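Dear colleague,

Please find the structure below, together with its sequence. My notes on what was found in it follow directly after.

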Amino acid sequence: MNSMFRLIFSPRMLVSFLMGFSCGVPLLLTLSVLQAWMREEGVDLSVIGLFSLVGLPYTLKFLWSPILDRFTLPLFGRRRGWLLLFQILLMAAIAGLGMTRPAVHPWMVAVAALLVTFFSASQDIVVDAFRREDLSDNELGLGSSLYVNGYRVGMLVAGSGGLILADHFTFHQVYLFMALCLLPGVLTTLLCREPEVAEGTPTTFREAVVQPFVEYFQRDGALLILLFILLYKIGDQMASTMTTPFYLDVGFTKTQIGAVAKLFGFWATIIGGLVGGVILLRLGIVRSLWIFGILQAVSTAGFSLLAFLGPSLAGLAAVIGFENLTGGMGTAAYVAYMASLTNKKFTATQYALLSSLMGIPRVLASAPTGFMADSMGWAFYFFFCALIAVPGLLLLRFAGPLAAGTQ
């Protein structure tokens, strides 16, 4: 028990949390906060919609990740050197985005936002690689959960905090403040240690670009693992896409949705991530994936029950609390599992590939959800989302043992 507490409160776990916070801050600055600013400036909705394309670097980050595996900057080491550079450039890009004028030069806003997402995605690549190389296999679960929780706190500060501040300050000042919120990440990079990689590093650019993919696809069950990553959280993602319209259709007010679904749900997710991290430490990744996956499916089915209950505030709190708790636990195990798949010689490239793949169901599977909910009705739609989690769980029987350090 004492050793567990020492691990939970160790400097490496604090680094995971703070790096997660640094990665979470930029995301909503090019989404909801920027959309609110553009709408306030009178920018056309069609133009605002097109701005979702600036998020492409998050999906395509595996294209330049081999550069970060192959080359080392002169100062601070392979991971910390790149990380410090991207954090400084990211702070400058966020501040620069705040200096643009959406109503006058929307194309300049697009360029500045694209720079933010590029440097943010690059920071994600390095942080994911750093975490995998810095933590041992048995520490990955807890470290991943703290990273995810830090990420969510960063999103809360930028998303909710940014919009609240915009009621009292100009958006130029808000973006400058958000740029300064990355300073804890910079200090963490300066003070933490550079991970030691016994496996070595790529010595040629070809080895950095080609070998990570060759090494991965030569493994037994490589395609099964990719299929598992695609399907494990697909039901959860399809359900979450339609929750806000569902709440409104059931009869909840926007205030109730904001207070319970957003604030209460946020803290339930944070607690779920922490609890999940501790369970991962005790049970290992594969057994945790089984337990959390089943709980996720059950929690998704809870929305079907809420459809019959109607606008019950107690029912809403119970369903959201359980769903966010299990979602936080499942995400912690999911992220730890992907990290365990990587070869430490090619961490940045392989993790960037897997995490990019993770986002595909969120985009493709979510596209028809409105049509499905409309044709099925809310109760049966959420029951279907619970059932569609079963294939991912069945694949876990084969995919789980194929990753290193997952038992």
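A polar contact is taken here as a pair of N or O atoms within 3.5 Å, where within protein one atom must be able to donate a hydrogen and the other to accept it, and where residues adjacent in sequence count only if both atoms are side-chain atoms. By that criterion the side chain of Glu215 makes a polar contact with the side chain of Arg219, at 3.0 Å.

This is a predicted model, in which local features need pLDDT of at least 70 and side-chain atom pairs count only at pLDDT 80 or more, while totals for chains, interfaces and linings use all residues. Residues are numbered from 1 along each chain as its sequence is written, and side-chain values use heavy atoms, with hydrogens and water left out.

Glu215 itself is found in helix H13 (residues 211-217), helices (H or I, at least four residues) and strands (E, at least two) being DSSP runs numbered from the N terminus. Once its neighbours within four places in sequence are left aside, Glu215 is in contact (heavy atoms within 4.5 Å) with Asn343, Phe346 and Gln350.

Two helix pairs may interest you. Two packed helices are described by the angle between their axes and the distance between the axes; the axes are lines fitted to C-alpha atoms, for helices over the stretch in contact, and the angles run from 0 to 180 degrees between N-to-C directions. Helix H18 (residues 285-309) packs with helix H24 (residues 390-399) at an angle of about 170°, their axes being 10 Å apart. H18 and H24 are therefore roughly antiparallel to each other, given that angles under 35 degrees count as roughly parallel, over 145 as roughly antiparallel, 65 to 115 as roughly perpendicular and the rest as oblique. On the H18 side the contact is made by Val286, Leu289, Trp290, Gly293 and Ile294, and on the H24 side by Leu393, Leu396 and Arg397. These residues divide into six nonpolar, one polar and one charged, where Ala, Val, Leu, Ile, Met, Phe, Trp, Tyr, Cys and Pro count as nonpolar, Asp, Glu, Lys and Arg as charged, and the others, Gly among them, as polar.

In the second pair, the axes of helix H7 (residues 78-98) and helix H10 (residues 171-180) come within 7 Å and cross at roughly 175°, which makes H7 roughly antiparallel to H10. Among the residues that make this contact are Met91 and Ile94 of H7 and Tyr175 and Leu176 of H10, and the contact residues divide into nine nonpolar, two polar and no charged.

In the loop between helix H6 (65-70) and H7 lies Phe76, which has a positive phi of about 75° although it is not a glycine. At 36% relative accessibility Phe76 counts as partly exposed, buried meaning under 20% relative accessible area, exposed over 50%, and partly exposed in between (1.4 Å probe, protein chains only).

In helix H16 (residues 243-250), Thr243, Phe246, Tyr247 and Val250 are buried. Seen down the axis of H16, these buried residues fall within an arc of 100° (that of the directions from the helix axis to the C-beta atoms), so they line one face of the helix. Just after H16, Gly251 takes a positive phi of about 120°.

Pro311, in the loop between H18 and helix H19 (313-341), is exposed, with a relative accessible area of 53%. Residues up to four places away in sequence not being counted, Pro311 touches Val250, Gly251 and Phe252.
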